[in-house]
Amino acid sequence: LIKSGAGFAARAVRESLQAFMQFENAMHEVWTLTDVGYESMVRLGREVRNFAVQYAVDATDAARALYMTISAGIGQTDPAEGFLAMSEAMKFGKATMTSAAQSVDLMTTVLNAYSLEATDAAYVSDVLFKTIKMGKTTGPELALSFGRVASMAAAAAIPLEDMAAATVALTRAGLKTDEAMTALRQVINKIVNPTE
């Protein structure tokens, strides 16, 4: 019994140390994208851990989400902007059963495609959530395909709400989300590059 208890304790210590090292490595990757000093990075690490607790996600996943956010150009000079966009993405992810990575990727893609600020993240989240609520799609499905069309739609001056409405209409009509995005992409391509 003592041996099994010692084995359990050793395994727990190993797993804790491994989780700590993964988090530190993820935060070091974040540091490569910022211009902040060591003390600011330590504070940022604490904020990421608090963020992870608040949204019930793994701390390393939260650090990776911050890396994705900053690498998308949101929060490079002010990490608070990154946290703002991440926070809305995480709320969207929790409400729609979408992973942290997928929801952050979707949020940052839409923000960048439509040249929106981090303060617009709640608006983007609302539009995407309504798309799921009114259409026949899920958060993960939307996260995998909506971003492929967002930049093309924004370049064609098609408002985000219109893209969302088209997604709702097409998925309600029976198309799977990725099929709907392919169809929208083709239509937008015809608008942008018309043939005779």
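At what angle do helix α7 (residues 139-155) and helix α9 (residues 177-192) pack, and how far apart are their axes? I kept this question open while I noted what kind of model I had, and then came back to it.

**Entry 1: the model.** I am reading a predicted model, in which local features need pLDDT of at least 70 and side-chain atom pairs count only at pLDDT 80 or more, whereas totals for chains, interfaces and linings use all residues. Residues are numbered from 1 along each chain as its sequence is written, and side-chain values use heavy atoms, with hydrogens and water left out.

**Entry 2: the whole chain.** I looked up the secondary structure and found nine helices and zero strands; helices (H or I, at least four residues) and strands (E, at least two) are DSSP runs, numbered from the N terminus. The C-alpha atoms fill a box of roughly 80 × 45 × 25 Å along the principal axes. Of the 196 residues, 39% count as buried, where buried means under 20% relative accessible area, exposed over 50%, and partly exposed in between, with a 1.4 Å probe and protein chains only.

**Entry 3: the helix pair.** I learned that two packed helices are described by the angle between their axes and the distance between the axes. For α7 and α9 the angle is about 5 degrees and the axes are 9 Å apart; the axes are lines fitted to C-alpha atoms, for helices over the stretch in contact, and angles run from 0 to 180 degrees between N-to-C directions. The two helices are therefore roughly parallel to each other, since angles under 35 degrees count as roughly parallel, over 145 as roughly antiparallel, 65 to 115 as roughly perpendicular and the rest as oblique. On the α7 side I listed residues including L142, F146, V149 and M152, and on the α9 side residues including M181, L184 and I188, contact meaning heavy atoms within 4.5 Å. By class, this contact has eight nonpolar, four polar and four charged residues; Ala, Val, Leu, Ile, Met, Phe, Trp, Tyr, Cys and Pro count as nonpolar, Asp, Glu, Lys and Arg as charged, and the others, Gly among them, as polar.

**Entry 4: the core.** Which residues touch the most other members of the largest nonpolar core? I found that they are F146 and M163, in a core of 52 residues; such a core is a set of buried Ala, Val, Leu, Ile, Met, Phe, Trp, Tyr and Cys residues joined through side-chain atoms within 4.5 Å. Helix α5 (residues 100-113) gives the most to this core, with seven residues. Leaving aside neighbours within four places in sequence, I saw F146 in contact with L106, V110, L128, L160, M163, T167 and M181.

**Entry 5: two alanines.** I checked A56, which has a positive phi of about 55 degrees although it is not a glycine. A56 is found in the loop between α2 and α3 (59-71) and counts as exposed at 59% relative accessibility. A157 has a positive phi of about 60 degrees, although it is not a glycine; I placed A157 in the loop between α7 and α8 (160-172), where it counts as exposed at 64% relative accessibility.
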